[in-house]
Structures are given as structure tokens and as C-alpha cells.
Amino acid sequence: MKKLRLTFAISSLTFLVMLAISPLKDFFREWKWYQYEYNELVSDLPQRVKPAEIGIKQLWIQKLDRIDRCVTCHLGLNEPALREAKQPFRTHPKIDHDYEDFGCTACHEGQGSATTYRESVGKVVFWDKPVFPTEFMEASCAKCHKEREVPHAPILTLGRKLIEEANCIACHQMNGFEKQWTPSLDGIGSKVNRTWLVNWLKHPKAYFGKTKMPNFLLTDEEAGILTDYLMTFKSFPNNAALDGLPPALASEEERAKLLELGSTRFREARCISCHPINGRGGYVASDLGKVASKATAEWLYGYIKNPKRLQPGVEMPRYRFNDMELAAVVAYIQSEYVDYETAELPELPPQIPNPAYFEQGQALFKKYNCSGCHELGGMKKAEEMGPELKFIGGKKLYEIDFGSSNIEQTLPSYLVTKIKNPRVFSPVMKMPSYEFTNEEAQAITVAMLGNTDERIPEELKVYPKPQSTYSPQGEFGTLVEDLACFGCHTMFGRGRLVATDLTLEASQAQKGWISGYFKIPYSLRPILTERMPNLFASDAEIKVMVDYMEKVFIADSLERNIRAGRDEISKGRILYYEKHGCQACHQINLKGGYVGPALDNVGSRLKPGWIFHWLKNPQAFKPESIEPNNNLTDEEAEALTAFLMSLK
Amino acid sequence: MKHVMGRLYTSQLWRSMFRHGLPDSNRTRAETIFYNFFLHIHPTKVRKRSLRYTYTWGLGGLSFGLFIVLTVTGGLLMLYYRPSVPQAYWDMKDLQFVVSSGQFLRNMHRWAAHAMVAMVFLHMLRVFYTGSYRPPKEFNWAVGVLLLVLTILLSYTGYLLPWDQLAFWGISVGTNMARAIPFGLGEKMSFLLLGGNIVGENALVRFYVLHCFILPVAGCVLMGIHFWRVRKDGGV
Amino acid sequence: MQKDLRAEETSDARKSPTRIAFMKHRMAARVKRESEEMVMTFPNLVVRELIAFEIMVIVLAVVSLVFDAPLEWMANPDHTPNPAKAPWYFLGLQELLHYFPPVVGGVILPALAVIALIVIPYFKINIKREGLWKENRKRTLVILLVSVGIVSIVLFLFRVYAMLIPTVAVTLFMLLPYFYPREDGVVGRLSGRPLSWWIMTWFVVIVIVLTTIGTLFRGPEWSWTWPWNGTY
């Protein structure tokens, strides 16, 4: 009986002690120590900082359906006095969003509900969104910011640009990107020679360093078969065919006579504004440095004569060359832009003796989803798409197959590795190599991580401006199409920005000047590579364009009558040279700086209303302009305008 | 001290609750059992033999003990739990991170539940191997088998409630097994259980109600019968 | 009716209450004249029960302090884990489904098991619990070998080695007393076991083997995985 009592006493005591352990553990939780430490820290500060009340603190962000308890330990986020304090007490850097409106995990990720360091950072099993490393932080901006250029997020903006340029959406579905124009492959058999094509397929960047075409890591055999397959496509889109060479290009001697003319026209046409030559020159079109070893003379002749006939949609102007000039340019290209390395080598055998080359080549073409970018023989587009990436940023860790690689097991590191080395996780993967640099891979990863299916209230989202629907009609429209103006210029929000935005051109420049510019284009900044080419347009065509511009590319609000009396001019001269020191950047009569354009003949180029409004606020027209805004009064601006207009 | 306690034991309040005095004589000891609602399931005297632990290994009693632990911890957990998607999961996180001893309660509930399934199964084996199912206890054996089934169902319905991957797929696999019952009966049964064709919010609510009300009440009734029968058939 | 009954015991009414037992001939339980030593329930039994309960809670509390209940990622209907496993007590069943068609493995076999469990006491065959080999040894051997043979062939055809091996093992133990009859020792004890005992043992062994395999030895695609290469 005594033994029983003793046992009962001991077991009852142990029972009570065991049940008390857990509440006791609660009493000494990690976050409490941080709060004590914080209070000690702030009491030592010279400034008066309110100590924290001991207890779990949280931000409840109803609109984002998040509860973040990070502020239990991060106590000094709003406390300027703690800018230099150690973490977790340091002040939050200034950003455009108030953390009390958005919480912490909306941007930083991690486990907001947690109250211990390890769990809140989220690098624990069963939590798939650990705190974002700093270099990927901008991905969070992308959840709401869908616009093309996200303010204060250069990496994200670069990533989106790279994704669009690399035409990732040809294989992967993703929202918010535009499909890039890529050449049709119809007629490639009449365009290129076989040796070039084999080498191109094996390593496109060896021929043209900036090509968007990725390396599909083909074996020699695959490249050969694919080449044989492609070389069978001899006829161009819409059944266009090559005309054959004119007699002027038939023989070596005939061609030699044309070289000088060809060289002149090649320069006047400013081909290098768009085409680089061996890596130097423009960036919007392909390299011409070795083009004579790539394309046939017949194709060059036919293509320059009318680019869109052989390659619909291409943004190359149809130069108004006559037949002689055309032949001369082709002769010049043929003599100058030869690949001397492969020219010496014998041409690769025209066909691998493989009877099934067509089927095998077609299979390869389909396997690598070449039709995602390139049209060929009316084949269906994009049959073998890659995985959809609309919501790649929300991919769970357990859905990722890291293969046998030993990288850090996180989504960002997976994506960076995959983008840099697309087949590293499994040799059966098909994604080609784009040879991205580390920075590019990181930027693309950031942009992709922002593609999540997280529910964000619509009112928080920022969308890009709708696509411009501007499409000029009539004679002007035809000319714009034929001369590929959109390839360099933007008009009403449509087109590239290699050259100026023409939307307000007629408010800016005088009619006579524009007409003259079409005839003999010159650059205001001769240092630039991308200069306006001479299109050799006829007087009638120029008149059509100038008349249209006078009517459409003009804003009434920029009209202004400026009195240009002697007084105003001399007052303006004083303002120019003395008060504002404009000559520090601009030249007149070869005197002054080189930063801005020379102003010698500005009075016969620009309209006074434009000069006036520009002087008042240069950034209103060109946000990136470095011209200072001098806060001129209307009177000052008018005087300066009068002075500038006198420079005829 | 003794005097104070003596006053307490003789006070009207005490006597109104406990009608017997201190259990210091065989009579009062018997009354302690006899007049106590909880203890009266026991006879006032038991065979000395049945005090020996290896007599039954106490498996049935311990199963009931686990049931008590589960009721207590489960009741406390119910205070924090909302059977809805996805709040259920966040409530698990809150239990872990915020609620005082929340994780401990959940651990206790979970491990006790697993232990109870094992314990009841072992109890069944003990009863079989000692031949205690033979007449006149054959009905109580059947009740016991039903209690085993109920225990498993209780554990199974509770398995879904945390609403994590383990829960979701554990239950999906389980209900897919039930679908194999022929004549469309399986489909009907799993539809009835889940309140739909897949495991979703409806299933969560149903499992919650089954787990916290229907099955425990059924269990209590069957346990009452089970214990009462044990006693009537000469057990403790 | 009268013929079947006989009174076995009389009692001294002054000492203890009268007990009369009516028994059928073939009933196994025997009421012995034996005055068992009785003790008070309180405190002897009640305190022991409390101690047992307290020790159990102590063990549970220690386990709960050391091991956290699992909580994986939030439920995601779009992603099936590989393998998707039911709670452990159903893994024996899931293992059965791996071998048999769903109707057999998921419905018929488990339903048979539960029904068999419930009806065990209602079958009054061999209520005296006589040893398997007590009478008709030859006939028992033939029936045993034929039925085990049929079950084994079925199991072999379905390649259910996880059930075949325990079945053969239990049968070998059943045959042990036949070929090596002993009065005492392990064989002696085995020879006293009735058929129902053997069937239950067979059932329990299979439940344990299947559940263990399903819990510890099954990985992705329900393939065989050694526990030291990771459990799923």
C-alpha cells in the first residue's frame, strides 16, 4: 500500500511537471528577447525613442490577405534614429510604398505568420517562398507593375526587355509580351549557301554576335540533316521568285566598273545605321560583314530591290535605286563583305547521302519548335511548345526537378541556372542556349519570378499603356510602309525609337527644312551611328510626306508668334552668352561646347513656337534631355527665341 | 490543518456533493465507488487477480485514457480552428507561432490519435488471444470491433483538418479506395462523404463535423455500452 | 431442455450470494468452486488506473515536446505528391490495392476481414478451443494443405509475395506439431492452439507486414524503397 502511494505521488508530480513545461517554454520565446534587446538599445540612444511594448505585433493587410508578424522583432522600421542600428532593428530604407500599407511579405516573401527567425526567413522545408535574396527583390514589383518600364526597378525592366527580344513567348506562354518579328524561312534554299547554313545552325553567334537566334546545340549530323531539309525550300512567300542577275553583274569585269558607284551609294544609304559590319554599326538588323559568303548575288539583288517582296514584314526601306545603282550596290557588297575564312574552304558536300533527310529534318524542325519563330512551307505554328510560364514565379519547390545538380534548392537559383545553361537539369531538355551573361540571366529571372498567380486587387495593378493603333492611310501610309519608317521612328506611340519621335515633327521643324533633309540627310549629332539614310525618294514622294506631316504631326498649342525685333534679338544674345552661358554646350560658328547640337542654322530649321516651349521646359518634350530647365520667364524665352531664329 | 480539513469534509456543501465521508473504512471506500458518477462503473470490490497489470495489460483502459486526452486537447484546438479553405491551414500556423502551447496541444492530439489506433487494435488482439470474446461476451466483442472502426474513422476524419498536402492527398487516396465499391455505391458514398467529387471546402466541413461531433458522440454511446457490458460480464 | 442442464455448484447462502450456473454440455467455461480473494476497488484499482493514465500522459507529453506534428505545404489539388500515401493504418490496404484490382483489394478483402472479426464469437465451432491436431489428424492435414495451396497459388499468380511468405511461414508453424509432436516447450504450446487462433495470427501477421511495407518500404510510383534511402 505504501509503495502504491509513493508511486502515485511520484507519477502525479511528474505528470504536473510535464504539463507545465510547454507553457513555460512559451514564456521564453525567441521574439521576447529581441524586444528586450530593442528596449535596451533605444534607452541608450541620445534621441528619445519610444520603447516597444512586449508582445507579438502584426500588420494585417486585408487587401492582400496577409498577416505579417515581422514587426514583432523588426521594431525600428519607422525610426530614423536607428538608421545605423544592427538588424533586426534597423530603419527601413526609403521607398515609394509605405510598409504599413503593403506589409512585408508582399515584397520580401518569407513566412509572415512566423514568430521565430528560422521560420520567418522561410528557409525551412514545407515553405516554398523563402525571403527573396536582394538581387531578386525587384521581382516583387512585377506582381503589380505590369508596365514596360517599372520605375526604380532597372533589373526587372531589363529582364522584361530581354524576354521580349529573345522572343521567349514563341515557345513559352507568358502574359504581357509582344511577339517579335522573325524572318520567314521560305526561299532560304534560294538565299543562302549550304556551308553557311550548317555553320549558322551550329553556332549562330559565331556569324553575328548580336543575333537573337539561340544555339540549339545541334550535333554535326543534326545540323547537316536540318540544313538539307531547309535547303529544299526554294520558293519565297506568296510564290515570289528571284529574277536572275542583270547583265551588269554577270561578269567580274563588269562588276569591277560598278564598285565606285556602289561604294558611294552604300554610304549614302547609311546601311550601317541599321546593319553592323563585323560588329560595328547599328543594332536593329543583321551583320553585313560576311554577307557575300552567306547570300547569293541573285537574292541580294532581288532583296534590295524590294525587300518586302521576298521577306514580308521586314522593316527595311525600299531604296529608290535605279537598276544601275542597285547592281552597283550588290557588286560592292559582293566584293567587300566576304568571309575569307570559309571562302578558302571547299563547300561542304551538298547533301548527306541520307534518303530520310527530309522526314528527319522536318522532325528536328518540329522538335525544336523552329516554327515558333519562323514560318516555313505553311507549317502550323508552334506545335511543340515549352512549358507555360505565366505563373512560373509561383512554382512550388516540390514541383521542380533539380536533377542531379547541386545548386541551392530555390526557385531563383533554379531559374538562373536553367537560363544560363538550359540543358543542365536533364539532357533531354530542348531549350536552346542564348548565351546570356550572369546579369542578363539574373534580370530575366527577376522578370519571370514576377509572373505569379497571386491574387492582387485590380486597383493596385499598374498596366502598360494600350498599344497604339495609329496606322497612316493613303499615299503617306503606303510610303511609310515601303520606307519602313516605323523601323526607326515612332509616330503617335507606334514604332521604334532608334531615331526621333515624329509625332510633333511639323511643330518642331520648318517645312522647307524637312524637304531638304529628305534629299540630303545629315545628322545634328555626327557622332551617332544611327543616322537618317538617303532613301533617294522622288520629289513627288517627298511632297506627299511633308504635306502629311504639316497636317498631322503638329500641335496647335505649340504655335506662338514671337516678335523678332532688333531689341529682342540683342536681349536674347545677352541671355545666350552671358546670363545662361548656352555656349558651354552649343556651338555657333564653331565656338562653344560639343554636348548639345550646333545651333548655326537653327533659325531655318526650327519653328519659333517650338523653341519657345522647349526653352521653357525641355524635359516636357524629351524627359531624358540633359538640357537644364532655367525657369525662364516668358519674356526671356521669347527674347532667346528671337535671337535663335535670327541664326539663319 | 487536520482540523480545517475535518471542518471542510463535514460541511454541508461538501456533504451535498460527496455523500460519504473520507474513504477510511471499507464502508466509505465502497461508498466512494458507489456514490460517484464516474467511479460507479466499477464494482465496489474487485478480484485481487485483476489488479495484476499483465491480466489485461490495461489496454482497454488506456484506450479510454487516450480518448480523454484527445477530447481535452481537441476541445482546446477547436477554439482556434476554422474549417474553411485556406483559413484552416493558417490556423495551423497560428497554433504553431502565436497560440500559447498551441504546438504542444496539436502534437499531443496528433500523437495520441495515432497511439489510440494502435492501442485499440492491440486491445482487440489481447481480447482475442485470451479468448475473452466467447459467449456471453460475443455482443461486446462486436461493439468493440465497431469501436475500432470508429477509432479509425475518427483518426481519418481528423487527418484532413490541417489542410496541408499530407492531409489532402491522404484523404484523396482514402476516398479513392472507397470509390472501388461496385454498383456505383462507392461513388455515391464518397460523394456523400466529401460533399462533392473532390476533396474541397465541403469535404472539410463534413469531416470537421464528423470528427468533432458525430463520431465522438457515437463513440461515447458505444463506449458506454461496451463498459457497461464489461462490468455486467464480471469485469472491472 | 431439462436433459441438457445440470447444476454444478451449490453455495452457502449465509456466506455469499447464491450463484447458479446453467450450462450446456459442450460449453467450455467451467465454473469452479473457488473463493477468489477480493479487494476494495478504492483505492487499489482506482489509484492504479490513475497511475497508468498519468504515465501514459507523461510519455505523450515527452513525445509532443520532442517531435512536432507534421505540417506540410498547403493543400494543392494540382500537385499530387509521389507517392500519395493514405494515413498509416490504411497503408496495408493501399499495399493490397497495389496487388489486386480495386474491387478485390479495396472492398472485398477488407470487408471480409471486418465481417469475419465481428462474427468470430457467433460461430460456435470448436468452442472448447481444442488444439488443431487433436482429432482427425489426417483429414485436417489434407484440408489444411489444400486450402493453403489454393491461397498460395492465388497469391503467387498475383505476385503477392508480401502475403505469400507470411502465409507459408504461419503454415509451417501449424505443421510443426504434426511432424514433431511434443508435449511441452514451444511445439507443445503450438499444438494446443485451435484453428481460429491460427487464422487470427495469420491475419495479424499479414496486417503488420503489409502496413510496414506500405509505410516504410514504398517510394515514388509505389516502388520498393529501402527505409535508409529515405521514407516517403
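## A walk through chains C, B and A

Read from one end of its sequence to the other, chain C follows the pattern β-β-β-α-α-α-α-α-α-α, which amounts to 7 helices and 3 strands. The model is a predicted one, and the description below should be read with that in mind. Of the 232 residues in chain C, 38% are buried, and among the contacts in this chain with a separation of 6 or more, 57% are made by residues 24 or more positions apart.

From chain C itself we can turn to its partner, chain B. Here 65 residues of chain C are in contact with 71 residues of chain B, and the two chains bury about 6,500 Å² between them, with carbon and sulfur atoms giving 75% of that area. Met40(C), Leu71(C) and Met74(C) supply 10% of the area that chain C buries against chain B, which is more than any other three residues supply. The count of salt bridges between chain C and chain B is 0, whereas 26 residue pairs are found in polar contact across this interface, both residues of each pair being at pLDDT 80 or more. On the side of chain C that touches chain B, the elements giving two or more residues are β3 (38-40), α1 (41-66), α2 (91-99), α3 (102-119) and α7 (195-216) of chain C. The largest share of that side comes from α1(C), with 17 residues, and by class the residues of the side divide into 47 nonpolar, 9 polar and 9 charged.

The interface holds 1 salt bridge, formed by Arg69(A) with Asp94(B), whose closest N and O atoms are 3.1 Å apart.

Within chain A, helix α9 (residues 194-202) is largely enclosed by the rest of the structure, because 7 of its 9 residues are buried. Trp196(A) and Trp200(A) are among the buried residues of this helix, and what covers the buried residues includes α8 (188-191), α10 (204-207) and α11 (220-231) of chain A. The N-terminal end of α9(A) is capped by Asn193(A), a side-chain oxygen of which lies 3.1 Å from the backbone nitrogen of Thr195(A).

Elsewhere in chain A, Gln467(A) lies in the loop between α19 (438-449) and α20 (474-482), and Gln467(A) counts as exposed because its relative accessibility is 55%, above the cut-off of 50%. The side chain of Gln467(A) is joined to that of Glu178(A) by a polar contact of 2.6 Å, while Gly493(A), 26 residues from Gln467(A) in sequence, is 7.8 Å from it in space, C-alpha to C-alpha.

Technical notes:
Residues are numbered from 1 along each chain as its sequence is written. Chains are lettered from A and ligands numbered from 1 in the order in which they are written. This is a predicted model: local features need pLDDT of at least 70, side-chain atom pairs count only at pLDDT 80 or more; totals for chains, interfaces and linings use all residues. Side-chain values use heavy atoms; hydrogens and water are left out. Contact means heavy atoms within 4.5 Å. Buried area is the accessible area (1.4 Å probe) that two parts lose on being put together, summed over both. A salt bridge is a side-chain nitrogen of Lys or Arg within 4 Å of a carboxyl oxygen of Asp or Glu. A polar contact is a pair of N or O atoms within 3.5 Å; within protein, one must be able to donate a hydrogen and the other to accept it, and residues adjacent in sequence count only if both atoms are side-chain atoms. Helices (H or I, at least four residues) and strands (E, at least two) are DSSP runs, numbered from the N terminus. Ala, Val, Leu, Ile, Met, Phe, Trp, Tyr, Cys and Pro count as nonpolar, Asp, Glu, Lys and Arg as charged, and the others, Gly among them, as polar. Buried means under 20% relative accessible area, exposed over 50%, partly exposed in between (1.4 Å probe, protein chains only).
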